[in-house]
Amino acid sequence: MHVLILGGTTEARRLAELLAAGSGLRVTNSLAGRVAAPRLPPGEVRVGGFGGAEGLARWLREHEVDALIDATHPFAGTISFNAALAAATAHVPLLALRRPGWVPVPGDDWHETGSLEQAALLLPGLGGRVFLTTGRMGLAAFADLTDLWFLVRSVDAPEPPVPPRTEVLLDRGPFTLEGERELLRRHRIDVVVTKDSGGAATAPKLTAAREAGLPVVVVRRPPVPEGVRVVEGPEQAREWLVSTFPDAG
């Protein structure tokens with residue numbers, strides 16, 4: 001049995017580990033290739049795009065894939081919709097694995113938006129020194145904010161256009177609460193911008209911002225394609241495989 005995991009996330013890597021543990025399955029992990037030195041999961045690994053939904057459907061057929069699991073980042077909307085179209089075209093069962101989103105708690109000062117562009121519109125009224133944690137993609141949305149100073153944290157260096165007053169911090173989570181407290185203090189941050197990626201690896205910044213009384217602009221995640229079943233953890237994804245394909249157990 002051949003399982004294709006659209007990955008690049010902690011959950012995808014954990015699922016690959018679970019499926020590689022004596023299951024006898026053939027597991028292929030597909031990585032987008034946007035990170036220069038990704039953490040490779042067990043199993044076969046391919047890097048790069050498929051050529052849209054049509055290309056993915058063709059790959060599913062040619063490689064005799066029995067099940068497709070979309071375990072990409074919650075904001076990888078294009079590949080998720082391509083996966084839904086490809087799975088329907090190739091008649092391959094599809095599951096979406098999505099970590100739960102963050103939920104505000106008492107004391108949080110969240111400003112939720114639907115896009116990076118909307119987030120940029122909010123910033124001038126919230127602070128002059130911005131901790132931007134949305135990754136290296138999409139910084140063009142903030143490039144016209146010439147009066148604000150940005151600390152941009154990402155795994156790899158961003159490419160222009162970026163805001164003119166920008167300091168880049170190359171780092172990879174998980175991050176600690178103490179480290180996030182010190183970062184906000186040292187850089188005199190006024191406002192934090194993040195995508196609702198969920199998970200524990202980058203959540204300490206939210207706690208640090210709450211403790212410091214800072215506003216946080218939270219970009220809402222795009223919806224999963226209609227009709228696609230969603231689970232929140234790798235163990236649930238493995239259970240779905242076993243229930244869908246009893247021989248996979």
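Arg188 sits in the loop that links helix H5 to strand S10. In this predicted model, the phi angle of Arg188 is near 50 degrees, a positive value in a residue other than glycine. Arg188 has a relative accessibility of 53% and therefore counts as exposed, the cut-off being over 50%.

Strand S10 covers residues 191-195, and five of its five residues are buried, so S10 is largely enclosed by the rest of the structure. Val191, Val193 and Lys195 point one way from the strand, whereas Val192 and Thr194 point the other way, and all are buried. S10 pairs with strand S7 in the parallel sense over four bridges; Phe131 has Val192 of S10 as its bridge partner. Four bridges also join S10 to strand S11 (residues 215-219), and these two strands run parallel. Here Thr194 has Val218 of S11 as its bridge partner.

Asp147 is found between strand S7 (129-133) and strand S8 (149-154). With 66% relative accessibility, Asp147 counts as exposed. In the loop between S8 and strand S9 (166-170) lies Pro161, and the peptide bond from Pro160 to Pro161 is cis, with omega near 5 degrees. A cis peptide bond also runs from Gly173 to Pro174, with omega near 10 degrees. Pro174 belongs to the loop between S9 and helix H5 (177-186).

Attention now turns to an open sheet. Six strands form this sheet in the order S3-S2-S1-S4-S5-S12, with parallel pairing. Strand S3 (44-47) and strand S12 (229-231) stand at its edges; each has a single partner strand, so one side of each is left without a neighbour in the sheet. From one strand to the next, the twist averages 25 degrees. Within the sheet, strand S1 (residues 2-6) and strand S2 (residues 26-31) pair in the parallel sense over five bridges. The bridge partner of Leu4 in S2 is Thr28.

Helix H1 (residues 10-20) lies across S1, S2, strand S4 (67-70) and strand S5 (94-97), and runs at about 160 degrees to S1. In helix H2, the residues Ala53, Gly55, Leu56, Ala57, Trp59 and Leu60 are buried. These buried residues pack against S1, S2, S3 and S4, and also against helix H3.

How do the helices meet one another? Two packed helices are described by the angle between their axes and by the distance between those axes. The axes of H2 (residues 52-62) and H3 (residues 77-90) come within 8 Å and cross at roughly 45 degrees. H2 and H3 are therefore oblique to each other, and H2 passes H3 in a right-handed crossing. On the H2 side the contact involves Gly52, Ala53, Leu56, Ala57, Leu60 and Arg61, which meet Asn82, Ala83, Leu85, Ala86, Ala87, Thr89 and Ala90 in H3. The residues of this contact divide into nine nonpolar, three polar and one charged.

H1 contributes Glu11, Arg14, Leu15, Leu18 and Leu19 to the contact, while H7 contributes Pro234, Glu235, Ala237, Arg238 and Leu241. The residues of this contact divide into six nonpolar, no polar and four charged.

Glu64 lies in the loop between H2 and S4. The phi angle of Glu64 is near 50 degrees, again a positive value in a residue other than glycine. Glu64 is exposed, with a relative accessible area of 62%.

Key. Residues numbered from 1 in each chain as written. Predicted model: local features only at pLDDT ≥ 70, side-chain atom pairs only at ≥ 80, totals over all residues. Heavy atoms only, no water. Axes fitted to C-alpha atoms, helices over the stretch in contact; angles between N-to-C directions. Parallel < 35°, antiparallel > 145°, perpendicular 65-115°, else oblique. Left-handed = near helix turned anticlockwise from the far one by under 90°. Contact = heavy atoms within 4.5 Å. Nonpolar A, V, L, I, M, F, W, Y, C, P; charged D, E, K, R; others polar. Buried < 20%, exposed > 50% of the residue type's maximum accessible area, 1.4 Å probe, protein only. Pairing = 2+ DSSP bridges.
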